[in-house]
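Here is a short briefing to read alongside the structure. Keep the 3D view open as you go through the points.

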Amino acid sequence: MRDSLPMKNTSATPLGAGAKRSTPSGGLQAWLPRLVLAPSVAISLFFVYGFMLWTFVLSLTSSRMLPSYDFVGFGQYARLMANERWWVASTNLMIFGVLFVVICLAIGSLLAILLDQKIRQEGALRTIYLYPMALSFIVTGVVWKWLLNPQLGIQAMVQGWGFESFRFDWIVDPDMAIYTLVIAAVWQASGFVMALFLAGLRGIDDSIIKAAQLDGASLPRIYLRVVMPCLRPVVFSAVMILAHIAIKSFDLVVALTGGGPGYATDLPATFMYAHAFTRAQIGLGSASAMLMLGGVLAILIPYLYSELRSRKHG
Amino acid sequence: MSTLKKTTLALALAGATLATTAQASEVEVLHWWTSGGEARAANVLKELMEAEGYGWQDFAVAGGGGETAMTVLKSRAMSGNPPSAAQIKGPEIQEWGELGLLGDLNGVADAEGWDELLPEVVADIMRHDGQYVAVPVNVHRVNWLWANPEVLEAAGVEMPTTLDELFEAGEAIREAGFVPLAHGGQSWQDATVFESVLLGGQGSEFYQQALVELDPEALGGEQMIDALEDFKRTRELMDEGMPGRDWNVATAMVIEGVAGFQLMGDWAKGEFTAAGLTAGEDYLCAAAPGTEDAFTFNIDSLAMFRVTDDDEREAQQALARLVLEPTFQEAFNLAKGSIPARPDLDMSEFDSCAQQSLADFQRTAEEGGLVPSMAHGMAVRADIQGAIFDVVTNYFNDADMPAEEAAERMVSAAEAASF
């Protein structure tokens with residue numbers, strides 16, 4: 001399209017540059033990209049930002065089963081702050097999010113470095129590690145639910161081998177259940193982080209590493225001081241992707257623990273769903289959704305800002 | 001380009017379907033009777049409607065607790081296009097009524113004499129502002145204790161009739177090498193056990209005060225603390241694999257003889273029946289310990305939305321009449337494990353558990369003791385129910401929380417749940 005249009009233009013208007021600009025097809029050419037993009041811009045303005053705004057408006061109302069416009073100021077936020085379950089959900093998100101991102105990055109980069117040592121069968125190994133990502137969180141959740149069930153899974157198996165005192169019952173322990181979410185999520189996502197890092201490693205110029213070797217740096221030192229700093233953009237994308245997987249985690253909780261025992265593994269997303277849709281408290285649910293959005297922005301904006309600025313300067 | 005065409009086609013088709021929904025003398029019924037037996041039972045109603053010349057448009061939304069169906073219903077109602085009838089129950093009927101969306105059924109109620117036919121407690125739930133707006137389909141009893149007779153025999157115990165007997169029997173069953181009480185650690189199941197234990201230990205009057213009227217003195221009082229302590233003791237009768245377990249998996253433990261008892265509503269009977277077992281021989285049923293003079297009910301009902309079209313209104317009235325007619329009541333409740341919503345039916349087709357259920361239903365309706373189930377959304381609004389669930393399930397799963405603290409939280413849950 002792009003190549004053919006100007007050719008047509010010149011053949012239809014052989015009178016010179018000035019006349020070319022004023023022809024209808026020339027105007028169309030200038031407007032075409034905007035015209036083509038307009039529907040999707042309008043749709044995302046309406047369905048993303050419009051609905052964000054609507055959610056904010058609803059969070060200021062006393063809406064229960066259906067939206068109503070009886071405004072109560074920030075009353076829903078005050079109720080949310082007084083709600084013990086909300087604090088459990090927020091604390092859980094902090095624990096889960098931090099552990100998930102950090103462990104995924106650690107395991108992912110380690111696997112990538114190990115795979116980068118020009119080993120045999122790298123393709124097969126890479127596929128094995130990457131495969132969990134192909135599963136949906138629901139499948140991961142169900143599989144780990146069985147593995148972690150003390151009467152069916154790992155605990156029962158090890159006890160069956162004769163280690164009667166072996167215990168691994170985190171999923172039924174309200175204090176430890178949140179870490180089972182981390183285990184399952186890390187299992188699923190670290191292979192993906194590995195793939196990101198591997199691609200990054202392959203993109204690094206060999207001569208830098210050779211230069212470091214000439215200077216007498218050891219291999220761990222080369223990776224730590226030379227390679228990893230080069231991978232900063234990869235870390236950036238990995239953190240972005242992992243953080244948003246963590247914050248929107250919903251299906252994993254539903255499949256793995258159902259929010260239990262009690263509501264010990266509730267996350268803000270499941271809290272929001274329960275209140276807005278099953279407990280007829282749309283106002284409170286909207287308030288929690290707005291706080292989630294606020295939390296995301298509070299993390300993302302400074303990070304985006306610092307990363308993009310340093311990239312411009314560098 | 002081809003995707004665009006497909007989208008246009010899909011939109012056109014969707015438009016066409018929407019256009020046909022509003023056809024006259026037809027009822028569109030939103031429900032979640034989608035499991036095998038239930039779907040067959042709903043089909044009986046469809047055939048009855050069609051035999052009288054009305055159209056039936058099925059609007060089944062799968063998902064056991066009806067959560068998905070409710071979400072669909074809300075979006076339909078908000079867009080100003082509700083179905084003619086929907087499966088709505090308990091205090092939610094009042095919420096829809098307050099929004100002014102429900103139509104009245106007074107015509108058919110007068111003609112059929114619903115005031116005499118239905119027990120007062122049931123009729124109250126079906127009325128909003130003195131007008132009948134919904135029709136009851138069935139009555140489930142929640143306070144049941146199910147048992148495997150072989151396990152009981154092996155442990156040398158009888159069906160318990162008080163909570164103390166339940167704990168004693170539980171210990172004997174544990175010693176015999178079985179799980180005493182099958183349970184699934186989901187909040188609604190925790191609440192189901194809680195309300196049966198509370199009812200068994202403290203009686204139906206206290207139940208009414210605390211879980212229906214939400215009297216703060218009852219919710220935070222001595223009796224509530226006792227009930228909470230009894231409830232926590234039932235945990236000792238359960239196995240550690242329970243978190244997240246579905247109720248029917250717990251029922252299967254009783255069926256397979258892994259566990260002795262289960263406290264669950266009479267929908268559990270469907271599982272026993274599906275396994276080819278006979279009530280009274282292969283499995284036992286009794287009122288939850290200490291609750292033989294009480295009946296916690298969970299009533300499914302169809303609420304009618306306000307319609308402007310006369311033909312559609314006529315079809316609605318016919319639907320309401322047919323729902324309470326013996327043919328449908330019998331067919332539906334045999335499939336569902338529940339009992340008919342009208343107490344005057346011949347029960348010879350039903351099994352011994354259902355017969356006892358109906359006898360208790362009539363007796364408690366007259367003598368008192370017929371109470372709505374909190375755990376199944378019959379007693380309080382969804383937001384308060386949710387807040388109570390949170391307290392109950394958190395207390396049950398937290399080994400360190402004292403009953404006094406849970407009782408205090410119960411009071412604030414009832415207060416703070418809504419504006």
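What percentage of the 419 residues in chain B is buried? Buried residues make up 52% of them. Keep in mind that this is a predicted model.

**Chain B overall**

- Chain B holds 19 helices and 13 strands.
- Its C-alpha atoms fill a box of roughly 65 × 55 × 50 Å along the principal axes.
- The radius of gyration of chain B is 22 Å. A compact globule with 419 residues would have a value near 22 Å, so chain B agrees with that expectation.
- Take the contacts in chain B between residues at least 6 apart in sequence: 78% of these join residues at least 24 apart.

**Where chain B touches chain A**

- In chain B, 25 residues are in contact with 29 residues of chain A.
- Two elements of chain B each give two or more residues to this side: helix 3 (67–78) and helix 18 (382–397).
- Helix 18 of chain B gives the most, with eight residues.
- By class, the side of chain B that touches chain A has eight nonpolar, ten polar and seven charged residues.

**The two domains of chain A**

- Chain A is divided into domain 1 (4–59) and domain 2 (75–313).
- The centres of these two domains of chain A, taken over C-alpha atoms, are separated by 40 Å.
- Five residues of domain 1 of chain A are in contact with eight residues of domain 2 of chain A.
- On the domain 1 side of that contact in chain A, three residues are nonpolar, two are polar and none is charged.

**A closer look at A:D266**

- Where is A:D266 found? A:D266 lies in the loop between helix 13 (251–256) and helix 14 (268–278) of chain A.
- Is A:D266 buried or exposed? A:D266 has 25 other C-beta atoms within 10 Å. The cut-off for buried is 20 or more, so A:D266 counts as buried.
- Leave aside the neighbours of A:D266 within four places in sequence, and A:D266 is in contact with A:R85, A:V88, A:A89, A:N92, A:G259 and A:F271.
- A:D266 and A:I119 are 147 residues apart in sequence. In space, C-alpha to C-alpha, A:D266 and A:I119 are 42 Å apart.

Definitions and conventions: Residues are numbered from 1 along each chain as its sequence is written. Chains are lettered from A and ligands numbered from 1 in the order in which they are written. This is a predicted model: local features need pLDDT of at least 70, side-chain atom pairs count only at pLDDT 80 or more; totals for chains, interfaces and linings use all residues. Helices (H or I, at least four residues) and strands (E, at least two) are DSSP runs, numbered from the N terminus. The radius of gyration is taken over C-alpha atoms; the globule rule is 2.2 Å times the number of residues to the power 0.38. A residue is buried if 20 or more other C-beta atoms lie within 10 Å of its own, exposed if 12 or fewer, and partly exposed in between; C-beta atoms are placed from the backbone. Two residues are in contact if their C-beta atoms, placed from the backbone, lie within 7 Å. Ala, Val, Leu, Ile, Met, Phe, Trp, Tyr, Cys and Pro count as nonpolar, Asp, Glu, Lys and Arg as charged, and the others, Gly among them, as polar. Domain bounds come from an automatic or database domain assignment.
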